[in-house]
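Please open the model in a viewer and keep the selection panel at hand. The stops below proceed from one selection to the next.

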Protein chains: 2
Amino acid sequence: MPPSERAALIGAGHTRFGVLPDAPRTLIREAVDSAFASVDRGLERSQVGEAFLATLGFSGWQLGNSAALLAEEAGIPGVPVVRIENACASGGSALRAAVRTIESGSQEAVLVVGVEKMTDVSSRRRRYWLGVSGDTEWERLAGLTFAGVYALMAARHMHDYGTPIEALAQVAVKNHANGLLNPNAQFRKAVRVEDVLAAPRVADPLGLYDCCPVSDGASALLLVAESVARRYTDTPVRVVGAGAGSDHLAVHDRESLTSLHATQRAAAEAFRHAPFDRSKVQFAEVHDCFTIAEILALEDLGFAAPGEAAQMTLEGATARSGRFPVNPDGGLKSKGHPIGATGVSQAYEIFLQLRGAAGARQIPQAERALAHNVGGSGATATVALFERA
Amino acid sequence: MPPSERAALIGAGHTRFGVLPDAPRTLIREAVDSAFASVDRGLERSQVGEAFLATLGFSGWQLGNSAALLAEEAGIPGVPVVRIENACASGGSALRAAVRTIESGSQEAVLVVGVEKMTDVSSRRRRYWLGVSGDTEWERLAGLTFAGVYALMAARHMHDYGTPIEALAQVAVKNHANGLLNPNAQFRKAVRVEDVLAAPRVADPLGLYDCCPVSDGASALLLVAESVARRYTDTPVRVVGAGAGSDHLAVHDRESLTSLHATQRAAAEAFRHAPFDRSKVQFAEVHDCFTIAEILALEDLGFAAPGEAAQMTLEGATARSGRFPVNPDGGLKSKGHPIGATGVSQAYEIFLQLRGAAGARQIPQAERALAHNVGGSGATATVALFERA
């Protein structure tokens, strides 16, 4: 049974993503302020009944119990706040928790913020801090990195399906091209297939341009019960599905190296009570932490048959002007990947696109979209579905 | 408006609390197995639609993306899992998230697990790991510890209300007496007022017996929609309120040193749609991380007027045989405080008591109870209300 009340986005905010001088508190404040400013007919801060913070946390600022900090910086003192952490899927998980809260009828207006400050710690410290989001007992302590895990997936995908390395490169080329048009993107720089192929190898077959960067940044969403959304805007965006799934933490425990079951499970849940099916989704924000991850996502989400996402990419179908645009904001690859902010930022992009407010990167007649966020190497994942109201 | 569907507890599990040899995975598995075993008419693992993990995390095991690990160890592969972290209020926050999920109608059966492994890291490392849950920028880096923060609260409470130090000691004496009857408690040892007063000072006026210990342990809850609860047991326990609140992270930013506004806010939300008021609550599990915290909790929750919880304690009203028992399981003080497990363990105790299954520490005719969980030094808090169905 679909929920009796749905959640709708009425505002969204974003900082720049990149190597930023700002403290986490400042990033949170900037994202929240811009979210409130984006609401057409003022939602007061005092109307926000609950808030959700997505962050991997700590970094050099050593901030714990950090949800409380969100209440302070958002100017919503005293309200219930909670930190949601599912590694790189923290943002999507926080959005889903917020949606459930509105669907439960317990709150009419909620705030979701994702934030990460990553560039203020040494790379040695960061390697530990990020690395523990994969399997530690059998993989990390044996030397396997995240790039290494995704390289295994890429190599196996190439072996099983004949996926050409040029298709991976094309994911990077396309997402860099999209990032060029996004003022918040970390990299606003075009790259060519030959640049991607010639870049230093990080974990063969993945090179430097196959990997998303380390980033600072924040994003924020304001959601209300759909039944009251038009008080605040004539163009709310409905959240019509919010699914999640999980899988073994260690890649060697999983059934497949060429698909993420957590993504498949999350999509199945998201579509269960949605008013449309996969064929009606017009564009998607997917979790391209490495180029191979976008290929896997297209197949696991059912937008391409297994082994066919490479061809779809090479044909240009996923380009901004293609038949099924993917990552029009540049994706993690070019926009950047401040861990906790990523899943929230995906919804921000969809909010802009479905309201026709995405400027130079606007997708024409965008009405229905999907966001896909992955935690670690695929042990957790979320999928959310959006529709112009 | 009260929710159209309520959540009900149908099972609960618990490990011993204390200095344990077990790994976090083992603790999770033991708590979950005992929760499933406690269900009168078998709930299958495959019926659990979602799971919530409360943990401060990491410790020596360096486990990130840890919610995925819960799915593995609980034998519920693929289901949505999420980690909820609000410092020491993680357990209460996870319970509240689970309740909202059932109230939203999206799941019929959910699992909540709280776990912490604390004794496998050096005290220096642990001091950092726990300390960051307070304010770092202005308090921790200036040398203020958690015991120090609560000592400030105690000193101010004594100054404002004439609270005698014997009342703090009596909290410890009472909770140690209760812990004697709890086979899962870390300390099964009676203490006398003179022992508490003669113990080494940790942060004046708080001595060793005023402080809860460092503990390993886990607890688990199985919740279902109330409408189906009697399929699984004749004695479900309804969750009729689940509130939360927040406050400034730094104590010096708060309005008061003698009350936690986050607790007051959480209680107000919990009682908003509850079928009974404070006067009908028969006993409570409150967050006694330090003895003064139990005094503050009684006043903030409205069970004693400001300044009167000390007298209430000295009169024996909060003893297991008193008119309003508090922490019949021994509380954090004697049962132990494995951070993420604490808020879950409070609900475990209430589940036993309201079903008449608390053995030697059973409170007669227990029908309605409250659980209160605090994060950090009071920047977050949760309150939940329970009723025998």
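In which sense do β1(B) and β8(B) pair, and over how many bridges? They pair in the antiparallel sense, over three bridges; two strands count as paired if DSSP finds at least two bridges between them. Helices (H or I, at least four residues) and strands (E, at least two) are DSSP runs, numbered from the N terminus.

This is a predicted model, in which local features need pLDDT of at least 70 and side-chain atom pairs count only at pLDDT 80 or more, while totals for chains, interfaces and linings use all residues. Residues are numbered from 1 along each chain as its sequence is written, and chains are lettered from A and ligands numbered from 1 in the order in which they are written.

**Strand β1 of chain B**

Select residues 7-14 of chain B, which form β1(B). Within the pairing to β8(B), B:A7 has B:V239 as its bridge partner. Eight of the eight residues of β1(B) are buried, so the strand is largely enclosed by the rest of the structure. A residue is buried if 20 or more other C-beta atoms, placed from the backbone, lie within 10 Å of its own, exposed if 12 or fewer, and partly exposed in between.

**Strand β8 of chain A**

Move to residues 237-246 of chain A: this is β8(A), mostly covered, with nine of its ten residues buried. Strand β1 (residues 7-14) of chain A runs antiparallel to β8(A) and is joined to it by three bridges; A:L9 has A:V237 as its partner. Nine bridges link β8(A) to the antiparallel strand β11 (residues 380-388) of chain A, where A:V383 is the bridge partner of A:G243.

**Helix pairs of chain B**

Two packed helices are described by the angle between their axes and the distance between the axes. Axes are lines fitted to C-alpha atoms, for helices over the stretch in contact, and angles run from 0 to 180 degrees between N-to-C directions.

Display α6 (residues 165-179) and α9 (residues 291-300) of chain B, which pack at about 100° with their axes 8 Å apart. That angle makes α6(B) roughly perpendicular to α9(B) (65 to 115 degrees; under 35 is roughly parallel, over 145 roughly antiparallel, and the rest oblique). B:A167, B:L168, B:V171 and B:A172 of α6(B) meet B:T291, B:I292, B:E294 and B:I295 of α9(B); two residues are in contact if their C-beta atoms, placed from the backbone, lie within 7 Å.

Then display α3(B) with α12 (residues 339-354) of chain B, where the angle is about 55° and the axes are 5 Å apart. These helices are therefore oblique to each other. Among the contacting residues are B:G91 and B:G92 of α3(B) and B:G340 and B:G343 of α12(B).

**Between the chains**

Show both chains. In total, 46 residues of chain B are in contact with 46 residues of chain A. On the chain B side, α2 (66-74), β3 (81-85), α3 (90-103), β8 (237-246) and α8 (261-272) each supply at least two residues. Finally, select β3 (residues 81-85) of chain A, which three bridges join to the antiparallel β3(B). Which residue of β3(B) is the bridge partner of A:R83? The partner is B:E85.
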